[in-house]
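Subject: Structure handover

Hello,

Here is the structure for you to look through. My notes on it follow below.

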Amino acid sequence: MPPTEAPGASRFSTVLDYLIHRFPRVPSAVWRRRMERGLVFLEGEGILGPDDPYRPHARVGYYREVEAEPRVPFEERILHVDRHLVVVDKPPFLPVTPGGPFVNECLLYRVERRLGVEGLSPVHRLDRLTSGLVLLARHADARRAYAELFARQRIHKVYSALCRMPSRPNQSRWRVRSRIVQGEPFFRMEEATGVPNAETHVTLLHWRRVSHLRGVGRVRLVPRTGKKHQLRVHLARMGWPIFGDRLYPELQPEKPDDFDDPLRLNASALEYVDPFDGHPRRWASPAGRESLGVGLDA
């Protein structure tokens, strides 16, 4: 937290007093427990206890925790480990990095615990609800090298999705281009008029009829740009929303995660020339087909 001086700061005798005043929504007993567990520290000096005196303009930090953190009941698969990189097949619902109610329940910390290593960092983004391939760098030079491949579009990305597709289309390939901007609420994206900034190539792989009103299509998606929620927005625009998508085309009422109904979107393949040894690499998500087909036979 920044070194701010609260009004009336002279009346604080301890750091605990200040924290209780500064964050009134957090019960005083919670701050006391956090300090007793060594989760609050003075930058550059070490752990702060409940009785440590208040020091104006000092920088105080807090090792964040979440009360009753939800458990994601799916396991990641580690596909490859070398001195530069860890390749992981991420399950749906698990965030890559800490965020919101998820701290320890994130891919980064799970993999570090399993491998007994520290300092991993994600090379690229993958939404919490999306399953599939994630690259984790083992050191700063590796992160820069692989991130540059993404920035220069030297990594070929392929996704798979299972969509609601009432009737079989009369073609199998599409090039979708549009302008995607932040929408309302802030966590949704929307299409707008203007110069396109997002492009996706869509290929229909398989279609089957479920009933006279329902059909299911499996599609291959190759994004040529990397806008947030790009694939979900483009498929919803085509009239083929992804199974399990609660944001597109319409925002659904908020409710707890339904682990029986994941988003059927999978980052299924990555191809590139390795920046360290020059060898071609191709990784495929073994969980892709099985995760996309969950619960769709009813």
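Gln153 sits in the loop between helix H4 (140-151) and strand E8 (156-164). Please keep in mind that this is a predicted model. Gln153 has a positive phi of about 55° although it is not a glycine. Its side of the story on accessibility is brief: Gln153 is exposed, with a relative accessible area of 57%.

His57 is another non-glycine residue with a positive phi, in this case about 70°. The loop that holds His57 runs between strand E2 (46-47) and strand E3 (60-62). His57 is exposed as well, at a relative accessible area of 54%. For background, most residues other than glycine have a negative phi, and most peptide bonds are trans.

On peptide bonds, there are two cis cases to report. The bond from Glu184 to Pro185 is cis, with omega near -10°. Pro185 belongs to the loop between strand E9 (173-182) and strand E10 (189-192). The bond from Tyr248 to Pro249 is also cis, with omega near 5°. Pro249 is in the loop that connects helix H5 (230-237) and strand E13 (265-273).

Next, the charged pairs. How many salt bridges does the structure hold? The count is 16. In general, side chains of opposite charge can pair when their charged atoms come close.

Arg71 takes part in a salt bridge with Glu75, where the closest N and O atoms are 2.7 Å apart. Arg71 is partly exposed, with a relative accessible area of 47%, and Glu75 is partly exposed too, at 49%. Arg71 also forms a salt bridge with Glu105, with the closest N and O atoms 3.0 Å apart. Arg71 lies in the loop between E3 and strand E4 (77-81), while Glu105 lies in the loop between strand E5 (85-90) and helix H3 (107-115), so this pair ties together parts that are 34 residues apart in sequence. Is Glu105 buried or exposed? Glu105 counts as buried, because its relative accessibility is 8% and the cut-off for buried is under 20%.

Asp257 is in the loop between H5 and E13, and Arg128 is in the loop between strand E6 (121-122) and strand E7 (131-137), so the pair ties together parts that are 129 residues apart in sequence. Both partners are partly exposed: Asp257 has a relative accessible area of 31%, and Arg128 is at 26%. The loop between helix H5 and strand E13 is also where Pro249 is found.

The largest nonpolar core has 34 residues. Those with the most contacts inside this core are Leu136, Ala161, Val219, Leu221, Leu235 and Leu265. Leaving out residues up to four places away in sequence, Val219 touches Tyr159, Ser160, Ala161, Cys163, Met165, Val202, Thr203, Leu204, Leu205 and Leu235. In soluble globular proteins, nonpolar side chains tend to be buried together.

Regards

How values were computed: Residues are numbered from 1 along each chain as its sequence is written. This is a predicted model: local features need pLDDT of at least 70, side-chain atom pairs count only at pLDDT 80 or more; totals for chains, interfaces and linings use all residues. Side-chain values use heavy atoms; hydrogens and water are left out. Helices (H or I, at least four residues) and strands (E, at least two) are DSSP runs, numbered from the N terminus. Buried means under 20% relative accessible area, exposed over 50%, partly exposed in between (1.4 Å probe, protein chains only). A salt bridge is a side-chain nitrogen of Lys or Arg within 4 Å of a carboxyl oxygen of Asp or Glu. A nonpolar core is a set of buried Ala, Val, Leu, Ile, Met, Phe, Trp, Tyr and Cys residues joined through side-chain atoms within 4.5 Å. Contact means heavy atoms within 4.5 Å.
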